[in-house]
There are 2 protein chains.
Amino acid sequence: MPNLRLISGAVTAPQRFRAAGVTAGIKPSGSPDLALVVSDAPATAAGVFTTNRVQAAPVVVSREHLAAGRARAIVCNSGNANCFTGSQGLANARRMAAVAAEALGVAPQEVLVASTGVIGVPLPIERIDAGIVAAAAALSPDGGPAAARAIMTTDTRPKQIAVAIPTPEGEIRIGGIAKGVGMIAPAMATMLAFLTTDAGVASEPLQALLAEVVERSFNAITVDGDTSTNDTVFLLANGASGVTLGPGSAAWEAFAAGLVQVCQSLARELVRDGEGATKLIEVRVTGARTEAEARQAAHAIANSPLVKTAFFGNDPNWGRIVMAAGKSGADLAPERLRLAIAGVPVVRDGEPLPFDRDAVRAAMCRPETDLELDLGVGQASATVWTCDLTYDYVRINAEYTT
Amino acid sequence: MPNLRLISGAVTAPQRFRAAGVTAGIKPSGSPDLALVVSDAPATAAGVFTTNRVQAAPVVVSREHLAAGRARAIVCNSGNANCFTGSQGLANARRMAAVAAEALGVAPQEVLVASTGVIGVPLPIERIDAGIVAAAAALSPDGGPAAARAIMTTDTRPKQIAVAIPTPEGEIRIGGIAKGVGMIAPAMATMLAFLTTDAGVASEPLQALLAEVVERSFNAITVDGDTSTNDTVFLLANGASGVTLGPGSAAWEAFAAGLVQVCQSLARELVRDGEGATKLIEVRVTGARTEAEARQAAHAIANSPLVKTAFFGNDPNWGRIVMAAGKSGADLAPERLRLAIAGVPVVRDGEPLPFDRDAVRAAMCRPETDLELDLGVGQASATVWTCDLTYDYVRINAEYTT
């Protein structure tokens, strides 16, 4: 991606997007808790949702609204997940869309809805109504960072990025904001990511591309292996750059590559801010029979409490990594396994190698470290990002009082 | 099981079994590290092994020896797992069987082998040879408890049980020892269980019964969701009671029920001694479409770090339990879910119930607590036992230095 350029502005970096983040009074802390992201031009829209069988009301409503493949706005509250709230919860999610639609002069079906926070508690809907009206009044072409702050729950910092991508047909921009630090509950902290672009893209290829990119970014991270009931990724494309893209062109490839970069960057930020995490760990599995098996083995390693605690302790404990791959169900050849931790080979052709333990421990201390395991049975590979499992993870999740 | 009676003696409680536990010098600590369990009469034998794709040498050898469905002895060392040790490891496992066979005057194919401890390190085979000879000399009809101690690694206490079961055809006995406290590595702590009975049972029904019972006991527990490369359960039946059993009889049913009780008791002991655990948690899932789905949901709950930390914190955090069931892939009806924590209903028909939070917290403080989740879609159920996730789990696994 040599020509891709980082720019400021998050979701409002692309042309003709405005956003706002306001305090509606949902969070007891008084922190911003209502975000609005709006396209001033009609936009195509794509969405990817949680695979949890329990789905929050805003997920149900947004799925319906996305059916037409178009949207003008995203309204999101933090501090309350509107999940396990029955038919009233569904009515409230629809009302959020309707109130936003009226404030913006668009159709309710053009508004996507997301919520994150405590579950099983009815939304304080009057406050949210007022918050949406206030957010609509506060919309600004510089409002991206404010929206990023307003969707936070237990995040310690907002996650945002924007890039400018030159294409043969002109420059396009992609912006994104995200939140989520683990599946803490009752917050059930929910992974949310909202993406905007001023490229023009038809809704079908947009949806297909988003699904594919999510697989390699937000679905390739894990803090604790849990899946929230509210996880949502939205992408709005309004064409305001004047560049219209479709699969097959060089410009499309540049757009797709840029979207991967934006999503992977946000995804890595989520892991880096994982509950109690002291480091980001990149898990690369190579030599798998299929990409699905590579992903399966990488996720088994990335979710193993034994591997995660070993990284917390800077312990190059290769036995745990091999064990986790072995239990994953992915095909592997024990006698051809190769493993490197923090770049240092520790197993080759299934045999433990002598290695400088202190050097590896020092390399594992860094805020970003990695491992690479070759399963020895094919050519497929996958990368997953995880964080270490620490005392602070236990403290945060054991002491969180309902 | 009204007539079942607890007796002492562990694996040597059944007639014509002897055992020993000695120090062969494999563990630096000088603790006992070599166990021998012997039937003085020919016995049928059954075994269940790890499903990990990486399998230790003793697993490979014992599988071969079990092919004939008969065995006279089990030899087991702790302190070294003989895993990831290549062709030398395989030769060493065969040698352990051969040395034991010679000392006992039986065929090498009649000896089952197990190992547990560090991986990737060659066995100190001369010490093991001498240890086996010493153990054979020390065999005693009261040696069961000594054998239970000699198979421990990081266990804080030996796990053993024996029961006497009256049947219409006479009394039979079942004894068992087990070890394992998590998948700590490089110890990769391995779950081992050795069972003996003086009932006479043909090898085919014995194997079928053992596989079924393991599913409801050792496969129904989880400390950290990891699966060792060495996990092994053996059952030897020597008929010395004079009672010969086969499927269909009342005596068989009594035997099967007794075996379930022995295995569940040992399995619960393993969880209770789980690394850093402060409590045993029984997870019951009911109302599932199939037993497999019930098990799937129960395991997802039992392995969720968020559920496990909530129990450590005595936090009746029902959202995490519902979330874990939702991500498991098991079918469920959100609007019909029922959940009770420590016996107190907290969700009914998908709606959170008001409940006395302090009373539930107090009940969760007990060393044994439970939850019951009804998925609302069928009649199938499953029970899984797990422990809480604590600071000590992180300490033990992060500070274990390779």
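# Talking through a predicted model

Biologist: Leaving aside its neighbours within four places in sequence, which residues is A:Ile172 in contact with?

Modeller: This is a predicted model, where local features need pLDDT of at least 70, side-chain atom pairs count only at pLDDT 80 or more, and totals for chains, interfaces and linings use all residues. Residues are numbered from 1 along each chain as its sequence is written, while chains are lettered from A and ligands numbered from 1 in the order in which they are written. Two residues are in contact if their C-beta atoms, placed from the backbone, lie within 7 Å. With those sequence neighbours set aside, the partners of A:Ile172 are A:Ile165, A:Thr167, A:Thr197, A:Asp198, A:Ala199, A:Ser241, A:Val243 and A:Phe255.

Biologist: Is A:Ile172 buried or exposed?

Modeller: A:Ile172 belongs to strand β7 (residues 170-179) of chain A; helices (H or I, at least four residues) and strands (E, at least two) are DSSP runs, numbered from the N terminus. A residue is called buried with 20 or more other C-beta atoms within 10 Å of its own, exposed with 12 or fewer, and partly exposed in between, the C-beta atoms being placed from the backbone. A:Ile172 has 29 other C-beta atoms within 10 Å, so the residue is buried.

Biologist: What separates the C-alpha atoms of A:Ile172 and A:Ala199?

Modeller: Along the chain these two residues are 27 residues apart.

Biologist: What is the radius of gyration of chain A?

Modeller: Chain A contains eleven helices and 18 strands. Its radius of gyration is close to the 21 Å that the globule rule gives for 402 residues, so chain A is as compact as a globular protein of that length. The radius is taken over C-alpha atoms, and the globule rule is 2.2 Å times the number of residues to the power 0.38. The value for chain A is 22 Å.

Biologist: Which element gives the most to the side of domain 1 of chain A that touches domain 2 of chain A?

Modeller: Chain A is divided into domain 1 (5-272) and domain 2 (280-399), with bounds from an automatic or database domain assignment. Ten residues of domain 1 of chain A are in contact with eleven residues of domain 2 of chain A. On the domain 1 side, β10 (221-222) and α6 (250-272) of chain A are the elements giving two or more residues. With four residues, the top contributor is α6(A).

Biologist: Which strands stand at the edges of the seven-strand sheet in chain A, and why is one side of each left without a neighbour?

Modeller: Here the strands form an open sheet in the order β10-β18-β13-β17-β14-β15-β16 (chain A), with mixed pairing. Each edge strand has a single partner strand, so one side of it is left without a neighbour in the sheet. Two strands count as paired if DSSP finds at least two bridges between them. The edge strands are β10 and β16 (351-352) of chain A.

Biologist: Which residue in β17(A) stands opposite A:Arg338?

Modeller: Strands β14 (residues 338-341) and β17 (residues 368-374) of chain A pair in the antiparallel sense over four bridges. In this pairing A:Leu339 faces A:Leu373 in β17(A). The residue opposite A:Arg338 is A:Asp374.

Biologist: How many bridges join β13(A) to β17(A)?

Modeller: These two strands run parallel. A:Leu280 stands opposite A:Glu368 in β17(A). The bridges joining β13(A) to β17(A) number seven.

Biologist: How many of the ten residues of helix α1 (residues 57-66) of chain B are buried?

Modeller: This helix is mostly covered. Its buried residues include B:Val59, B:His65 and B:Leu66. They pack against β3 (34-49), β4 (70-80), α2 (86-104), β5 (111-118) and β11 (232-237) of chain B. The count of buried residues in α1(B) is seven.

Biologist: What angle does helix α10 (residues 357-364) of chain B make with β15(B)?

Modeller: Helix α10 lies across β14 (338-341), β15 (344-348) and β17 (368-374) of chain B. Axes are lines fitted to C-alpha atoms, for helices over the stretch in contact, and angles run from 0 to 180 degrees between N-to-C directions. For α10(B) and β15(B) the angle is about 120 degrees.
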